Amino acid sequence: MRGVIPSPNIWNAPQTYELENRAVDPDRVADSAMRELRAWQGATVLDVGCGTGYHLPSLAAEAAQVIGVEPHRDLVTLARRRCASLENVRIFHATAQDMPLPDSSVDVAIARWAYFFGPGCEPGLRELSRVVRRGGAAFVIDLDATRGEFGTWFQRTVPTYSPAKVEAFWSQQGWQRRELDLRMAFERRQDLEAVLRIEFAPEVAEQAIAQVRGLELAYPNVLRWRFF
């Protein structure tokens, strides 16, 4: 689809990314931080870049309606299969910058590690401004590349990424931020290693695997938000 930024980890290895989803934030720190700002009980919630729909069932347990938007057709199929029994969930094959939703139809929009990386995502942000109604909120959760070993591994894998430019972009757009100290906790060492191999360049991944002991690793993130 036009305008889509490929996500090589989940696009190329959805089964391994499923292991990552299970491991990330077992303490639900991110959800708690978002709920403090704008709860979604009884609301219409939009998951932008929902992937295989991992978070849709938990959102659907509280929200009145849940909408998933995903540009990768195979992931859309997996998400629809996962949510087939949930009557309050709809999933669209669409991009963040062109969502098939009415104006002012969403209370809470969430993008977890999807699309909103900074400069270049202005069309997606304009679309959020269109679909989120007054009194609503949008959240973006992303890796904090300025902190910890995980951030260092990411910057070595994507040397063109500029945390300073990303921060300047979000500040100029009027979004607020808060650091989140998340963690990943795995049941098996082989799962941890597999996840590191889809997240980082091969040489970086092998060095990361050598550095990590046990089944857990720190995962520094940043929560960004805007009220409408």
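About 50 Å³ of space lies in the largest cavity of this predicted model, a cavity being a set of points, on a 1 Å grid over the protein atoms alone, where a 1.4 Å probe fits but cannot get out. The structure holds one cavity of 30 Å³ or more, where a volume is the space filled by probe spheres set on the grid points, which are joined across faces, edges and corners. Because the model is predicted, local features need pLDDT of at least 70 and side-chain atom pairs count only at pLDDT 80 or more, while totals for chains, interfaces and linings use all residues. Residues are numbered from 1 along each chain as its sequence is written, and side-chain values use heavy atoms, with hydrogens and water left out.

**Largest cavity**

- The largest cavity is lined by L143, D144, A145, T146, Y161, P163, E167, R177, V222 and R224, lining residues being those with an atom within 4 Å of a point.
- Helix α8 (163–172) and strand β7 (216–227) each supply at least two residues of this lining; helices (H or I, at least four residues) and strands (E, at least two) are DSSP runs, numbered from the N terminus.
- The lining of the largest cavity divides into five nonpolar, one polar and four charged residues, where Ala, Val, Leu, Ile, Met, Phe, Trp, Tyr, Cys and Pro count as nonpolar, Asp, Glu, Lys and Arg as charged, and the others, Gly among them, as polar.

**Second largest pocket**

- The second largest pocket holds about 210 Å³ of space, a pocket being an open set of points with protein on both sides within 12 Å along at least five of seven lines.
- Of the 13 residues that line the second largest pocket, V24, D25, R28, Y54 and H55 lie nearest its centre, and α2 (14–23) and α3 (29–37) each supply at least two residues of the lining.

**Helix packing**

- The axes of α9 (residues 189–199) and α10 (residues 202–211) come within 8 Å and cross at roughly 150 degrees, axes being lines fitted to C-alpha atoms, for helices over the stretch in contact, with angles running from 0 to 180 degrees between N-to-C directions.
- Helices α9 and α10 are therefore roughly antiparallel to each other, the term for angles over 145 degrees.
- The contact between them is made by R189, E193, L196 and R197 of α9 and A205, E206, A208 and I209 of α10, contact meaning heavy atoms within 4.5 Å.
- The axes of α2 and α9 come within 9 Å and cross at roughly 115 degrees, and these helices are therefore roughly perpendicular to each other, as angles of 65 to 115 degrees are counted.

Conventions. Parallel < 35°, antiparallel > 145°, perpendicular 65-115°, else oblique.
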